[in-house]
Amino acid sequence: MRLTKLAHALLGASLRPGDTVLDATAGNGHDTMFLARQVGPSGRVYAMDIQEAALTSARARLAAESLDARVTWIPGDHAHLAELLPENTKGRLRAVVFNLGYLPGGDRSVTTRAASTCAALESVLALLGPAGLLSVTCYRGHPGGDTEYHVVREWFTRQGDRLANVRCHTPEKRRDPPVLLFAETAAKKWQAH
């Protein structure tokens with residue numbers, strides 16, 4: 001099973017109509033579309049990307065399926081997501097999805113970076129509600145991708161009781177395979193430190 005399908009299956013088991021979620025790396029809109037379908041017309045998807053070309057592509061994809069009314073589009077770097085999201089999302093997000101790397105079909109020199117991704121992950125912990133879902137797919141085959149994966153994986157291991165049910169999925173028999181890291185926030189809300 002492709003990792004994106006696996007991530008969608010894991011998310012889909014818990015997401016419900018009316019949920020509020022974030023696609024922190026909208027790209028071409030595949031995760032955004034999945035999330036919009038899951039939260040239904042009463043839910044809200046926040047979709048952000050640093051590249052305007054990505055947001056344009058994603059918007060078109062969702063408009064073609066009449067799902068764009070469920071999405072708030074946010075141009076910007078996911079490292080600053082805490083400042084870019086509305087204040088009322090703090091502690092209310094049901095899920096956050098990251099699909100790291102570069103925009104497929106876009107400029108491959110523009111990629112996510114370990115430092116900005118870790119800054120985003122720290123912010124996400126304050127935005128997710130209790131038992132919130134965190135899905136991070138790391139693509140290791142591009143310059144900087146393997147470093148970013150190792151930094152993100154280390155971040156997951158340092159969270160202790162802040163994350164529960166941490167899972168790591170990697171396809172077998174591939175050189176520099178992508179990796180899906182998936183977790184829930186602790187069922188009881190902890191104090192950020």
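Predicted model: local features only at pLDDT ≥ 70, side-chain atom pairs only at ≥ 80, totals over all residues.
Contact, as the term is used here, means heavy atoms within 4.5 Å.

The buried residues are Asp31, Thr32, Met33, Phe34, Leu35, Ala36 and Val39. What do these residues of H2 pack against? Their partners include two helices, H1 (3–12) and H3 (52–64). The buried residues of H2 also pack against the strands E1 (20–23), E2 (44–49), E3 (71–75) and E4 (93–99). After H2 comes glycine 40, and its phi is positive, near 70°.

Most residues other than glycine have a negative phi. Serine 66 is not a glycine, yet its phi is positive, at about 55°. This serine 66 is found in the loop between H3 and E3. Is serine 66 buried or exposed? The relative accessible area of serine 66 is 61%; exposed means a value over 50%, and serine 66 is therefore exposed.

Alanine 131 is another residue other than glycine with a positive phi, here near 60°. Where does alanine 131 lie? It belongs to strand E5, which covers residues 128–138. Alanine 131 has a relative accessible area of 25% and is partly exposed.

Terms used: Residues numbered from 1 in each chain as written. Heavy atoms only, no water. Buried < 20%, exposed > 50% of the residue type's maximum accessible area, 1.4 Å probe, protein only. Helix = DSSP H or I, 4+ residues; strand = E, 2+ residues; numbered from the N terminus.
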